[in-house]
Amino acid sequence: MLKEFRNNKILLAYYGGSTAYGTKTSNSDIDVIVVLEDIKGSMHISNEELGIEYYVFGKEEYDRKMTFNNEVTPYLKVFNDDVLAEVDPIILDESFKSKYEEYRIRDFGSFIKNYIDSVIDYYQPFLLEDSLKKNMYHLYRIEDQVKNYQTNGKFQLSTDSGVTEKMMVFKDNYKTQSILYLNELREILKYLKEVKNNVTN
(Lines give C-alpha, C1' and ligand atoms only; values in the text may rest on other atoms or scores of the structure.)
Protein backbone atom coordinates (compact mmCIF):
# COMPACT_ATOMS: atom_id res chain seq x y z
CA MET A 1 0.00 0.00 0.00
CA LEU A 2 1.09 3.58 -0.77
CA LYS A 3 3.90 2.39 -3.06
CA GLU A 4 2.48 4.80 -5.66
CA PHE A 5 3.85 7.67 -3.59
CA ARG A 6 7.30 6.39 -2.70
CA ASN A 7 8.89 9.38 -4.50
CA ASN A 8 6.81 11.90 -2.55
CA LYS A 9 6.86 13.04 1.06
CA ILE A 10 3.66 11.72 2.68
CA LEU A 11 2.45 14.04 5.43
CA LEU A 12 -0.70 12.10 6.24
CA ALA A 13 -2.49 8.96 5.08
CA TYR A 14 -5.61 7.59 6.71
CA TYR A 15 -8.60 5.38 6.00
CA GLY A 16 -11.82 6.96 4.79
CA GLY A 17 -14.96 5.44 3.29
CA SER A 18 -16.49 2.33 4.82
CA THR A 19 -13.51 1.77 7.13
CA ALA A 20 -13.98 5.18 8.73
CA TYR A 21 -17.76 4.98 8.84
CA GLY A 22 -18.07 1.43 10.13
CA THR A 23 -19.85 -0.02 7.09
CA LYS A 24 -17.08 -2.17 5.67
CA THR A 25 -17.97 -5.54 4.15
CA SER A 26 -15.96 -8.17 2.31
CA ASN A 27 -16.89 -6.44 -0.95
CA SER A 28 -15.87 -2.94 0.11
CA ASP A 29 -13.07 -1.04 -1.58
CA ILE A 30 -10.45 0.51 0.68
CA ASP A 31 -10.49 4.31 0.57
CA VAL A 32 -7.30 6.07 1.61
CA ILE A 33 -6.86 9.82 1.92
CA VAL A 34 -3.28 10.92 1.27
CA VAL A 35 -1.75 14.34 1.86
CA LEU A 36 1.55 15.00 0.08
CA GLU A 37 3.91 17.88 0.77
CA ASP A 38 5.26 18.28 -2.74
CA ILE A 39 2.23 18.42 -5.06
CA LYS A 40 -0.40 20.99 -5.91
CA GLY A 41 -4.12 20.32 -6.27
CA SER A 42 -5.67 16.89 -5.94
CA MET A 43 -6.08 13.62 -7.83
CA HIS A 44 -7.82 10.29 -7.63
CA ILE A 45 -5.86 7.08 -8.17
CA SER A 46 -7.48 3.66 -8.37
CA ASN A 47 -5.49 0.49 -7.71
CA GLU A 48 -7.94 -2.10 -9.00
CA GLU A 49 -5.61 -5.01 -8.25
CA LEU A 50 -5.63 -4.22 -4.53
CA GLY A 51 -9.12 -2.72 -4.45
CA ILE A 52 -7.81 0.61 -3.15
CA GLU A 53 -9.04 4.10 -4.02
CA TYR A 54 -6.57 6.88 -3.21
CA TYR A 55 -7.80 10.45 -2.77
CA VAL A 56 -4.62 12.48 -2.96
CA PHE A 57 -4.15 16.12 -1.99
CA GLY A 58 -1.37 18.63 -1.75
CA LYS A 59 -1.36 20.13 1.73
CA GLU A 60 -2.81 23.45 0.55
CA GLU A 61 -5.61 21.72 -1.36
CA TYR A 62 -6.34 19.46 1.60
CA ASP A 63 -6.74 22.53 3.80
CA ARG A 64 -9.09 24.07 1.22
CA LYS A 65 -11.16 20.89 1.28
CA MET A 66 -11.26 20.71 5.06
CA THR A 67 -12.27 24.38 5.39
CA PHE A 68 -15.09 24.00 2.83
CA ASN A 69 -13.60 26.33 0.24
CA ASN A 70 -16.22 27.14 -2.43
CA GLU A 71 -13.90 26.01 -5.23
CA VAL A 72 -13.69 22.45 -3.89
CA THR A 73 -16.33 20.05 -5.24
CA PRO A 74 -19.27 19.18 -2.94
CA TYR A 75 -18.41 15.48 -3.22
CA LEU A 76 -15.03 15.98 -1.55
CA LYS A 77 -16.47 18.20 1.19
CA VAL A 78 -19.27 15.78 2.09
CA PHE A 79 -16.64 13.40 3.46
CA ASN A 80 -14.64 15.87 5.54
CA ASP A 81 -15.79 14.14 8.71
CA ASP A 82 -13.90 10.91 8.03
CA VAL A 83 -10.92 12.50 9.78
CA LEU A 84 -12.89 12.07 13.03
CA ALA A 85 -12.87 8.26 12.82
CA GLU A 86 -11.28 6.41 15.72
CA VAL A 87 -8.83 4.67 13.39
CA ASP A 88 -5.11 5.40 13.68
CA PRO A 89 -3.53 7.07 10.63
CA ILE A 90 -1.54 4.82 8.33
CA ILE A 91 1.15 7.51 8.16
CA LEU A 92 1.45 10.76 10.10
CA ASP A 93 4.59 12.79 9.58
CA GLU A 94 5.89 14.59 12.65
CA SER A 95 5.70 17.93 10.82
CA PHE A 96 1.96 17.47 10.18
CA LYS A 97 0.86 16.16 13.59
CA SER A 98 -0.35 19.49 14.96
CA LYS A 99 -2.31 20.25 11.79
CA TYR A 100 -3.91 16.80 11.84
CA GLU A 101 -4.96 17.23 15.46
CA GLU A 102 -6.29 20.68 14.66
CA TYR A 103 -8.63 19.17 12.05
CA ARG A 104 -9.78 16.50 14.49
CA ILE A 105 -10.49 18.66 17.53
CA ARG A 106 -11.78 21.81 15.82
CA ASP A 107 -15.36 22.94 16.25
CA PHE A 108 -16.76 21.15 13.23
CA GLY A 109 -20.10 22.70 14.09
CA SER A 110 -18.77 26.07 12.97
CA PHE A 111 -18.84 24.62 9.45
CA ILE A 112 -22.29 23.06 9.80
CA LYS A 113 -23.96 25.28 7.21
CA ASN A 114 -21.16 24.67 4.70
CA TYR A 115 -21.32 20.96 5.42
CA ILE A 116 -25.07 20.76 4.87
CA ASP A 117 -24.78 22.87 1.72
CA SER A 118 -22.26 20.38 0.35
CA VAL A 119 -24.53 17.44 1.18
CA ILE A 120 -27.53 19.06 -0.52
CA ASP A 121 -25.53 20.18 -3.58
CA TYR A 122 -24.11 16.70 -4.07
CA TYR A 123 -27.14 14.48 -3.43
CA GLN A 124 -30.10 16.57 -4.53
CA PRO A 125 -29.53 16.21 -8.32
CA PHE A 126 -29.73 12.40 -8.03
CA LEU A 127 -32.99 12.56 -6.11
CA LEU A 128 -34.46 15.02 -8.59
CA GLU A 129 -33.78 12.38 -11.25
CA ASP A 130 -35.39 9.63 -9.09
CA SER A 131 -32.02 7.88 -9.09
CA LEU A 132 -30.59 5.95 -6.15
CA LYS A 133 -26.80 5.68 -5.88
CA LYS A 134 -24.96 3.35 -3.55
CA ASN A 135 -23.24 6.07 -1.55
CA MET A 136 -26.57 7.68 -0.68
CA TYR A 137 -26.47 5.45 2.41
CA HIS A 138 -24.35 8.21 3.92
CA LEU A 139 -27.45 10.38 4.20
CA TYR A 140 -28.67 8.23 7.09
CA ARG A 141 -25.55 8.82 9.17
CA ILE A 142 -25.39 12.50 8.18
CA GLU A 143 -28.94 13.00 9.40
CA ASP A 144 -28.05 11.28 12.68
CA GLN A 145 -24.88 13.35 13.12
CA VAL A 146 -26.71 16.62 12.53
CA LYS A 147 -29.50 15.62 14.95
CA ASN A 148 -26.92 14.77 17.59
CA TYR A 149 -25.17 18.08 16.99
CA GLN A 150 -28.44 19.93 17.50
CA THR A 151 -29.03 18.03 20.73
CA ASN A 152 -25.62 18.13 22.41
CA GLY A 153 -23.58 20.63 20.40
CA LYS A 154 -20.99 18.01 19.47
CA PHE A 155 -20.25 16.89 15.93
CA GLN A 156 -18.99 13.32 15.80
CA LEU A 157 -19.33 10.24 13.66
CA SER A 158 -22.60 8.39 14.23
CA THR A 159 -22.25 5.23 16.29
CA ASP A 160 -25.95 4.38 16.51
CA SER A 161 -26.34 0.70 15.67
CA GLY A 162 -29.81 1.26 14.21
CA VAL A 163 -28.45 3.86 11.80
CA THR A 164 -25.57 1.59 10.81
CA GLU A 165 -28.04 -1.21 10.10
CA LYS A 166 -30.11 1.13 7.90
CA MET A 167 -26.99 2.03 5.95
CA MET A 168 -26.03 -1.60 5.42
CA VAL A 169 -29.53 -2.59 4.29
CA PHE A 170 -29.60 0.31 1.84
CA LYS A 171 -26.23 -0.72 0.39
CA ASP A 172 -27.66 -4.17 -0.29
CA ASN A 173 -30.90 -2.94 -1.83
CA TYR A 174 -30.35 0.43 -3.55
CA LYS A 175 -30.52 -1.17 -7.01
CA THR A 176 -34.22 -1.79 -6.49
CA GLN A 177 -34.69 1.96 -7.03
CA SER A 178 -37.54 1.73 -4.51
CA ILE A 179 -39.80 4.75 -4.22
CA LEU A 180 -39.78 4.14 -0.47
CA TYR A 181 -36.03 4.80 -0.35
CA LEU A 182 -36.37 7.83 -2.60
CA ASN A 183 -39.03 9.35 -0.37
CA GLU A 184 -37.06 8.56 2.78
CA LEU A 185 -33.94 10.25 1.44
CA ARG A 186 -35.92 13.25 0.22
CA GLU A 187 -37.24 13.66 3.76
CA ILE A 188 -33.67 13.65 5.04
CA LEU A 189 -32.71 16.41 2.60
CA LYS A 190 -35.81 18.35 3.61
CA TYR A 191 -34.74 18.10 7.25
CA LEU A 192 -31.19 19.21 6.42
CA LYS A 193 -32.51 22.24 4.52
CA GLU A 194 -34.58 23.22 7.54
CA VAL A 195 -31.52 22.96 9.79
CA LYS A 196 -29.47 25.03 7.37
CA ASN A 197 -32.13 27.73 7.25
CA ASN A 198 -32.27 27.85 11.03
CA VAL A 199 -28.49 28.15 11.25
CA THR A 200 -28.51 30.91 8.63
CA ASN A 201 -31.25 32.81 10.43
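## Second largest pocket

By class, eight nonpolar, seven polar and three charged residues line the second largest pocket (Ala, Val, Leu, Ile, Met, Phe, Trp, Tyr, Cys and Pro count as nonpolar, Asp, Glu, Lys and Arg as charged, the others, Gly among them, as polar). This is a predicted model: local features need pLDDT of at least 70, side-chain atom pairs count only at pLDDT 80 or more, and totals for chains, interfaces and linings use all residues. Residues are numbered from 1 along each chain as its sequence is written, and side-chain values use heavy atoms, without hydrogens and water.

The volume of the second largest pocket is about 260 Å³. A pocket is an open set of points on a 1 Å grid over the protein atoms alone, where a 1.4 Å probe fits, with protein on both sides within 12 Å along at least five of seven lines; lining residues have an atom within 4 Å of a point. Its lining comprises 18 residues, with Ala20, Tyr21, Leu157, Ser158 and Thr159 closest to the centre.

## Largest pocket

The largest pocket holds about 480 Å³ of space. Of its 21 lining residues, Gly17, Asp31, Tyr55, Tyr75 and His138 are closest to the centre. By class, the lining has eight nonpolar, six polar and seven charged residues.

## Helix 6 against helix 7

Helix 6 (residues 138–152) and helix 7 (residues 161–173) pack at about 160°, their axes 8 Å apart. They are therefore roughly antiparallel (angles over 145 degrees). Tyr140, Arg141 and Asp144 of helix 6 contact Val163, Lys166, Met167 and Phe170 of helix 7 (heavy atoms within 4.5 Å). These contact residues divide into four nonpolar, no polar and three charged.

Key. Axes fitted to C-alpha atoms, helices over the stretch in contact; angles between N-to-C directions. Helix = DSSP H or I, 4+ residues; strand = E, 2+ residues; numbered from the N terminus. Parallel < 35°, antiparallel > 145°, perpendicular 65-115°, else oblique. Points joined across faces, edges and corners; volume = space filled by probe spheres on them.
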